[in-house]
Amino acid sequence: MHERAPEIYDTTLRDGAQRAGLQFSVEDKLKVLHALDAIGVPYVEGGWPGANPRDTEFFRLAARENLRSSTLAAFGMTRRAGERAEDSPVLREVLDAGTPVVCLVGKSWDLHVTEALRTTLDENLAMVGESIALLVARDRRAFFDAEHFFDGYRNNPEYALAVLRAAEEAGAQRLVLCDTNGGTLPDEAARVIKEVAPNVGVALGVHFHNDAGCAVANSLIAAEAGVLQVQGTINGYGERCGNADLVPIIGNLALKLGLEPLPEGSVSRLTETAHLVGEIANIVPDPHQPFVGRNAFAHKAGLHVSAIVRRPDAYEHVPPGSVGNSNHIVVSDLAGRANLARKAEELGVDIPGERIGEILNSLKELEARGYAFEAADASLELFLRRATGWQHELFEVESFRVLVEERETAGTLAEATVKVRSDGDRHIATAEGHGPVGALDNALRMALARTYPEMDRMELTDYRVRVLDGTKGTGAVVRVLIEMTDGEREWTTVGVSENIIQASYEALAESYTYGLLLAATAVP
Ligand SMILES: [Zn+2]
């Protein structure tokens, strides 16, 4: 067994975003970057600069972010046939992104060179070598993604190896064997890696897709065969059947193979991170996802609870708390307590040790009702403050009413009336909006404008709705996430109800409460 853990290279923001229906905004991408940085993922591939304006903008902003442990990588393609590397617009964009690491993809399957690129095998070798050499000359650490490597090696092993050598001779620091079509089986993956390793002088990496359902297995086999880098995505997001899911890869490496793919303390944050990335991607987390799914350790009724409690190791492949999950039986397990204590400390809320279990229980109850606190730090902080005795007298809503009207000439208009008490007075305001939430927001602002002029600076920047239980039709529970900014900081709050307006109102009121709290603590 290997003592050295492979380095994790995350491509959620590039390859993961190829998943049908997934779209990350620039803000979303920055949030994912910070989530990965927080658990110490060594490499984060941010996208393909130049491929779309969003990715270019992301790299411009990401360059200013303070990262604790992640190194940002940009992705691109080798120069085109017949082009000079210096003249390649693709390579120019990748260099302009200014990242320390660049991962370039190139063809390693002869069939793709002659049929897809319609060029000669020699020209393809020159394309790989000259493109990598240009990056190295510009002080970038170059990684080379050998596209379709496993298929190429099956078809023409000499040529596939020649492509790797071209990248190596030009100065590539990682040669990443890609199973782009995702059809390779574990025994073949192991054999190819063993055959390739003695033929190259730099570290190997792997990049598996999941079309045969073997992406995680192949990645683990590669790690055991000694490859240095494993590429994948959080929750296995990716085109078609997805990429190798880093969540079980990290879980298995750490808990089964005794390796340390992430810094100490990070593996117990896997569940939280997987769910957070799901929230950002607006994809419902798979309740049956290995390690982190809600049901990953949920034992079927009928099993003796007492037996599970007495000997959990007889029923669970790893302790659920080791990845930050729980088996829903021992609610206040140690990892849950430790996570809550850490979170409270992060948020600056002082929780007396003896109250952690009780607060954790009410938190779990709320989560079971649909609250997503991983994605709503501001709501979590307000909850923890209230749980420890804080009461705010900022404002109190007496009632609100929203009317939606369809007019032949003006289209749909909404009107909201809000009655609030603040500063000992009662304020009533009526405002219009394009939709019911906008009208409610406008009315609440108007009603509180005189007491809290600082609300002027607060702006609603994102509004997301998710139906949590699709089986009950309109009776389903709705979760609303609202993001707000005061120009300096951003915060997110959550509301849950069967009524979308009620859920929106709850998230809105919490958001203003939090914003006012921030403004108040900012006053010297
Ligand atoms: Zn891929």
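Which strands does helix H9 (residues 215–224) lie across? In this predicted model, local features need pLDDT of at least 70 and side-chain atom pairs count only at pLDDT 80 or more, while totals for chains, interfaces and linings use all residues. Residues are numbered from 1 along each chain as its sequence is written, and side-chain values use heavy atoms, leaving out hydrogens and water.

Helix H9 lies across strands S6 (174–179), S7 (203–208) and S8 (229–232), and runs at about 170° to S7. Helices (H or I, at least four residues) and strands (E, at least two) are DSSP runs numbered from the N terminus. Axes are lines fitted to C-alpha atoms, for helices over the stretch in contact, with angles from 0 to 180 degrees between N-to-C directions. Contact means heavy atoms within 4.5 Å.

The strands form a closed barrel of 8, in the order S1-S2-S3-S4-S5-S6-S7-S8, with parallel pairing. From one strand to the next the twist averages 25°. Two strands pair if DSSP finds at least two bridges between them; S4 (residues 101–107) and S5 (residues 141–147) run parallel and are joined by 7. Across this pair, Cys-103 stands opposite Phe-143 in S5.

The zinc ion has as protein donors Asp-15 (OD), His-207 (NE2) and His-209 (NE2), at 1.9 to 2.2 Å. Donors are N, O and S atoms within 2.8 Å of the metal (3.2 Å for Na, K and Ca); water is not among the atoms, so sites may look incomplete. Along the chain the donors follow the spacing D-x191-H-x1-H.

Arg-269 lies in the loop between helices H10 (246–255) and H11 (270–281).
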